[in-house]
Amino acid sequence: MFSASSTTIPSSRARTGSPRRRGIARLAASVVASGLVAAGALVGAGSAVADQTPQQQGGASAVLDGLKIYDGAVNHTGGKNEKLVAGLFEMTVDGGGKIKTYCIDFHNPTQSRAKYLETPWSQTSLGSNKNAGKIRWILENSYPQVDDLATLAAKAGTGSLTEKTAAAGTQVAIWRYSDGVDVEASDPQAEKLADWLESNAANQEEPQASLALDPTAVSGKSGERLGPITVRTNASQVTVTPPADAASGVKVTDKSGQPVTSAANGAELYFDVPAGTADGSASLSVQATTSVPVGRAFAGETKSQTMILAGSSQSTVSATATATWAKKGPIPAVSAEKNCAKGGVDVTASNEGDEAFTFELAGEQHTIEAGKSETVTVPVGEDQAYDFTITGPNGFSKTFKGVLDCKTGGSGAGGPETQTSGQPTPATTDSGSTGATGDLAATGGSSATPIIAGVAIVLVVVGGGAVFFLRKRKTQPSGH
């Protein structure tokens, strides 16, 4: 039995306002308990098309290629003696590059060819895990960061290690800290490695993002420089791509107004909007080629087990920021990000206009005075997909979508916690894999995909959603 929470919106309120009327902003937020619903169906008729950029602060995005180097392990949790495989995954980075990851989400399966986004620890299960820093230590001190296996074996006091047994031992040690499960490696040397890593792990800080912009949205009056937007990166330099509409005259500059085409960590960028520019919005993007730091989390754009980075080639990373401007009135900027601590998604609205901005969200009224901002947390259930479309005057529209995956326990609704022994393992479904063969369960194996896909089809049909509206309040009667 699947269900979805819903909020009843009075029909007169749902009809109020036209997308062509200046000053009206509307937030249609589909918080879907069991499946994604198309944003267009919730926003209603409108002239603007939503910018459906995935919710991400920036960095690398990649597609899962599968489990590549692995060996056997046994799960004893709950009195089980379940055979499975443990090892190293590989992903192909959008724009170029390869990354290697381990799983930090034992009870949930992966989706074949799932899209992953570089994600802060606070927006994953690592945010509430007091041992998150120990996981990073394990990554820094084991395979593949230490690829001299003879040296690794000597340091850990194991016998001879292969890539397969080193990967399995490392994954087993990580699972003990990421998920608190009772798992041991099948190979005795791999088990010795896992024990050594677990007992010697020390807390380390979260690594810096490969690339991010802060904030991701700004607003203000035409004739001003809107910002600053600060570049955060481990790359030596990033390329700055200005707004696509050169005819508008909007440029990306530094604080003094000098055009910027490249920047370094800590640089501040501005949208320079000439006086008289028609009310509107624009975006800038920054891009670099760098090695993504070991220990960065990667969360699925859809429901797929969370990963942590173990190694990276030189890869393409990017980030985007937007600006909205007008001559007068309320001028909102809106952004959203997961808030695992509060179990929801933070919607932040700021107002750089000269009139107060009043809106309703989740049944509550909020007023943002000129020059102020407010963050509202919209509750979203664990493992639920959400889809927020934010529209405003002059064609402004932006969509945030994702899955709230903040805990390591299986949801019970997204598929089996692990594959059963009757299902094929990654070794038999992925010809490029290197590892154990045989009748094993595989946490995260891609053979669970048909089950997930079948469930998803049903959920899209039966799933409901909670719909919230964000609009400028008017003094005239609602029938006008």
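1. Burial. In this predicted model, 53% of the 480 residues of the chain count as buried. The chain exposes about 19,700 Å², and carbon and sulfur atoms supply 49% of that area.

2. Overall make-up. There are 8 helices and 24 strands in the chain. Among contacts with a separation of 6 or more, 72% join residues 24 or more positions apart.

3. Strands 3 and 4. Strand 3 covers residues 82–93 and strand 4 covers residues 98–103; the two pair in the antiparallel sense over 4 bridges. One of the pairings to look up is glutamate 90, whose bridge partner in strand 4 is lysine 100. The two strands form a hairpin with 4 residues between them, and in the turn glycine 95 has a positive phi of about 90°.

4. Strands 4 and 16. Strand 4 is also joined by 5 bridges to strand 16 (residues 307–312), and these two run antiparallel. Here isoleucine 99 stands opposite serine 312 of strand 16.

5. The two sides of helix 4. In helix 4 (residues 149–156), the buried residues include Leu149, Leu152, Ala153 and Ala156. These four lie on the same side of helix 4, because they cover an arc of only 100° around the axis. The face turned away from that buried side carries Ala150, Ala154 and Lys155, which are exposed. Helix 5 (163–178) and helix 6 (188–200) are among what covers the buried residues of helix 4.

6. The ends of helix 4. At its start, a side-chain oxygen of aspartate 148 comes to within 3.3 Å of the backbone nitrogen of alanine 150. After helix 4 comes glycine 157, with a positive phi near 75°.

Definitions and conventions. Residues are numbered from 1 along each chain as its sequence is written. This is a predicted model: local features need pLDDT of at least 70, side-chain atom pairs count only at pLDDT 80 or more; totals for chains, interfaces and linings use all residues. Side-chain values use heavy atoms; hydrogens and water are left out. Two strands pair if DSSP finds at least two bridges between them. Buried means under 20% relative accessible area, exposed over 50%, partly exposed in between (1.4 Å probe, protein chains only). Contact means heavy atoms within 4.5 Å. Accessible areas come from the Shrake-Rupley method with a 1.4 Å probe; for residues, only the protein chains shown count as cover. The arc is that of the directions from the helix axis to the C-beta atoms. A polar contact is a pair of N or O atoms within 3.5 Å; within protein, one must be able to donate a hydrogen and the other to accept it, and residues adjacent in sequence count only if both atoms are side-chain atoms.
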